[in-house]
Amino acid sequence: MLKNPVVQMIFTALFWSLGGIFVKLVDWNPLCITGFRGLFAMLFLCVVFKRLPSFVSRDKDGKIDKKGTVELILGGFFYAATMFAFVVSTKLTSAANSIFLQNTSFIYLIILSPFVLKEKINWVDFVAIFGVILGMIILLGNGFSGGTAFGNFIALLSGLTYALATLFLRKQKNAHPLNSLILANFFAFVFALPFILKSDFPSVKSFTGIVILGVLQIGMASFFWCKAIRKLSAVSCVIIGMLEPILNPVWVAFGIGEIPAWNSILGGLLILAFIIFHVVLKGKKSLEN
């Protein structure tokens, strides 16, 4: 069952969804959180997959593949940018706003996938996309509340970087998209290192939260994501990944009492219904293949 790409993407979204609650609970500079989390995620992935960060892509003959190298680095860069944008926006706005604005990424993928990846969008995708858009309209019916305008802008920007990361990872479906994920965490740590060195070390509680973020929220999610994205289309990955914004505010609500508004709950349930519709049909198709 875990070999099914739809199931793998569901697990990816489940681990991703832990980000909101643990980022909220960690009392530290958001840039430091992202960098230190990246360190633990990178170490986890390197140990599990027995490989070191790679800055070049090679063909079957061992020669450097220039096109593949560009895709490798850009995939890592845009995913690193997404991680920073998510943590910063989560600190500056509500968890619901942060994660739902990030998932505007599917709009960019609808536009870019047919041209960049040559992937056709079928009727199942269109129905699911329509449902997700309708759910987001209901969810954001009262406007953005519970955060700053800058925080909402950063969350919206993360939707673009997430879409670009997904595109470049998907383009490596016949190579090793995991290398981009390892590289992304390396970039995150290196970029944040000056801020980490200037900051006081976090408390034991915050440090524990960062380890959990690195190993589970990023490490385990990357483990499943790099498998799913080699078989699922970019649009399918993002639609199924919308389970993350459904679960993210739920954990935050239970953990720190940040309760979403009624329209957020209603919109979220509608989005969930269309995700289930997409998962059932796409899952059936992937099993047949």
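**Figure 1. The largest nonpolar core of the predicted model has 73 residues.** Within this core, the residues with the most contacts are Met9, Trp28, Phe36, Tyr79, Trp225 and Ile271. Helix α3, which spans residues 30-49, gives the most to the core, contributing ten residues.

**Figure 2. Trp28 and its contacts with residues beyond its sequence neighbours.** Trp28 is one of the residues with the most contacts inside the largest nonpolar core. When neighbours within four places in sequence are left aside, Trp28 is in contact with Ile33, Phe36, Lys91, Ile196, Ser199, Asp200, Pro202 and Ile210. Phe36, one of these partners, is itself among the core residues with the most contacts.

**Figure 3. Pro202 in the loop between helices α9 and α10.** Helix α9 covers residues 177-198, and helix α10 covers residues 204-228. Is Pro202 buried or exposed? Its relative accessible area is 8%, and Pro202 is therefore buried, since the term applies to values under 20%. Apart from neighbours within four places in sequence, Pro202 is in contact with Trp28, Phe207 and Ile210. Pro202 and Val26 are separated by 176 residues in sequence, yet their C-alpha atoms are 8.3 Å apart in space.

**Figure 4. The packing of helix α1 against helix α10.** Two packed helices are described by the angle between their axes and the distance between the axes. For α1 (residues 5-16) and α10 (residues 204-228), the angle is about 160 degrees and the axes lie 8 Å apart. Angles over 145 degrees count as roughly antiparallel, and α1 and α10 are therefore roughly antiparallel to each other. Their crossing is left-handed. On the α1 side, the residues of the contact are Pro5, Gln8, Met9, Phe11, Thr12, Phe15 and Trp16; they meet Leu216, Gln217, Met220, Ala221, Phe224, Trp225, Lys227 and Ala228 of α10. Eleven of the residues in this contact are nonpolar, three are polar and one is charged. Met9 and Trp225, which take part in this contact, are also among the residues with the most contacts inside the largest nonpolar core.

**Figure 5. The packing of helix α6 against helix α8.** Helix α6 (residues 105-116) and helix α8 (residues 149-170) pack at an angle of about 35 degrees, and their axes are 9 Å apart. The crossing of α6 and α8 is right-handed. Ser105, Tyr108, Leu109, Leu112, Ser113 and Val116 of α6 meet Gly159, Leu160, Tyr162, Ala163, Leu164, Thr166 and Leu167 of α8. The contact of α6 with α8 is made by nine nonpolar and four polar residues, with no charged residue.

Terms used
Residues are numbered from 1 along each chain as its sequence is written. This is a predicted model: local features need pLDDT of at least 70, side-chain atom pairs count only at pLDDT 80 or more; totals for chains, interfaces and linings use all residues. Side-chain values use heavy atoms; hydrogens and water are left out. Axes are lines fitted to C-alpha atoms, for helices over the stretch in contact, and angles run from 0 to 180 degrees between N-to-C directions. Helices (H or I, at least four residues) and strands (E, at least two) are DSSP runs, numbered from the N terminus. Angles under 35 degrees count as roughly parallel, over 145 as roughly antiparallel, 65 to 115 as roughly perpendicular and the rest as oblique. A crossing is left-handed if the near helix is turned anticlockwise from the far one by less than a right angle, and right-handed if clockwise. Contact means heavy atoms within 4.5 Å. Ala, Val, Leu, Ile, Met, Phe, Trp, Tyr, Cys and Pro count as nonpolar, Asp, Glu, Lys and Arg as charged, and the others, Gly among them, as polar. A nonpolar core is a set of buried Ala, Val, Leu, Ile, Met, Phe, Trp, Tyr and Cys residues joined through side-chain atoms within 4.5 Å. Buried means under 20% relative accessible area, exposed over 50%, partly exposed in between (1.4 Å probe, protein chains only).
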